[in-house]
Amino acid sequence: MRTLKDINFEGQRAIVRVDFNVPLDKDLQITDITRIKAAKPTIDYILSKGGSCVLLSHLGRPNGFEQSLSFQNIIDKVSEILETKVQFCKTSIGPIAQTKADSLMPGEVLLMENLRFNAEETEGDVVFSERLSKLGTIFVNDAFGTAHRPHASTTIIANFFQNNKCFGSLLEKEVLAIDKVIKDGTPPILAILGGAKVSTKITIIESLLEKVNHLIIGGGMVYTFTKALGGKVGNSICELDYCDYALDLIDKAKQKNVKLHFPIDVVAGNSFSNEAKQKIFDVMKIGTGWEALDAGPKSIKRFHDVIIKCKTILWNGPLGVFEFPNFSAGTIAAGKSIAEATINGSFSLVGGGDSVAAVKKFKMDNDMSYISTGGGAMLESLEGKTLPGIAALNQ
Ligand code: AMP
């Protein structure tokens, strides 16, 4: 892996693919600055070594130019977060863009307009990629969140650089964190998989069965398994089409000596709402009209006992409908158990959309060893896929 330290940035202009795809409210204010902050170490490093930075990113999913998704709206905030004046260019290729990039002095930073205003970005267009590549002399990819996309600025552009391309520090950290779980994890290795549906996690479960010693299955996925095993699920979320597959997985886990852990009891509601009446059921005997929305107290205790003894822990997906405060106890408890294991020296990685949201919501983000910034990219890495953006850097 070629990293920042392997490149001499003195007097060079680095094209840095960052992930500034930040959430905005209706007044176009950034509601979560994590991604911009995460790019700062790489930018600071390049500037400190006498280089300049041309930042490339996308924002949202525009269809052609959309004023509300222009980086112009957030350029002042970007400067504030990065603690350096960031210039803005209203195009990303063409004579104006090229002139602006060419006139950049060491220590200066320039953010180009939202790449996805050009359809060629997502099409991975080669000509567009080549024109982007002319904006600098070195290519640095620091956008883990889009490393699974074969887009112009994330993948194809790298082909126009030979040895003068490298991982940014965020991308490096992300890759090392994933490797620490799936390649060189210290056993016992545990994966905690929650979330809504089995159908969206099939490849991940299969791939993880090759890597882990323990697998906790939680959240809405549970009831496809319990139904397949002859349990009563009430109104709980259940994918009947996947019952056979669930039985298959139980068999595979046995063959591979992976210990599967399901909830023992669940907290169910009489409707899908925070205010629903609550009742605790045995996981195999959920009453008619009741919907399991959280792990119960016995499950929390069992999960704690498993989590606390594992040395490597991966968490993907909440253990209940954590968005409802009255059904968030299982997710919070899992977070606390992982935090305790981490204090005791275990390595913990939280990745994939909603578990990251849960950890942030319950202010446990500082208690985990690493929180991934990439949803889809993280999931594809866990599925064992080589991400195109990473492959292109290594070529
Ligand atoms: P995913 O994107 O697959 O990780 O799913 C995350 C979503 O799963 C969250 O919005 C949770 O509210 C939801 N979820 C977790 N447990 C349950 C459950 N028992 N029933 C329904 N939805 C659930």
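A polar side-chain atom of K201 lies 3.2 Å from an oxygen atom of the ligand, a polar contact being a pair of N or O atoms within 3.5 Å. The model is predicted, so local features need pLDDT of at least 70 and side-chain atom pairs count only at pLDDT 80 or more, while totals for chains, interfaces and linings use all residues. Residues are numbered from 1 along each chain as its sequence is written, and side-chain values use heavy atoms, without hydrogens and water.

A196 contributes through its backbone, with a polar atom 3.1 Å from an oxygen atom of the ligand. On its own, the ligand has 500 Å² of accessible area (Shrake-Rupley method, 1.4 Å probe). The protein covers 81% of that area. The surrounding shell comprises 14 residues, each with a heavy atom within 4 Å of the ligand. A196, A292, G320, E323 and D354 are the closest. By class, the shell holds six nonpolar, five polar and three charged residues. Here Ala, Val, Leu, Ile, Met, Phe, Trp, Tyr, Cys and Pro count as nonpolar, Asp, Glu, Lys and Arg as charged, and the others, Gly among them, as polar.

Two cavities of 30 Å³ or more are present. A cavity is a set of points, on a 1 Å grid over the protein atoms alone, where a 1.4 Å probe fits but cannot get out; lining residues have an atom within 4 Å of a point. Grid points are joined across faces, edges and corners, and the volume is the space filled by probe spheres set on them. The largest cavity holds about 40 Å³. Its lining consists of V18, D19, R35, A38, D142, G145, L170 and T373. Three of these residues are nonpolar, two polar and three charged.

The second largest cavity has a volume of about 30 Å³. I300, F303, H304, I307, G330, A333, A334 and S337 line this space. Helices α10 (297–309) and α11 (329–343) each supply at least two of the lining residues; helices are DSSP runs (H or I, at least four residues), numbered from the N terminus. Five lining residues are nonpolar, three are polar and none is charged.

The salt-bridge count is 14, the criterion being a side-chain nitrogen of Lys or Arg within 4 Å of a carboxyl oxygen of Asp or Glu. One joins D44 and K40, at 2.7 Å from N to O. Both residues belong to helix α1 (residues 34–48); they are four residues apart and therefore separated by about one helical turn.

Conventions: Polar contact = N/O pair within 3.5 Å; in protein donor to acceptor, adjacent residues only side chain to side chain. 1 Å grid on protein atoms, 1.4 Å probe; cavity = no way out; pocket = protein on both sides within 12 Å on 5 of 7 lines; lining within 4 Å.
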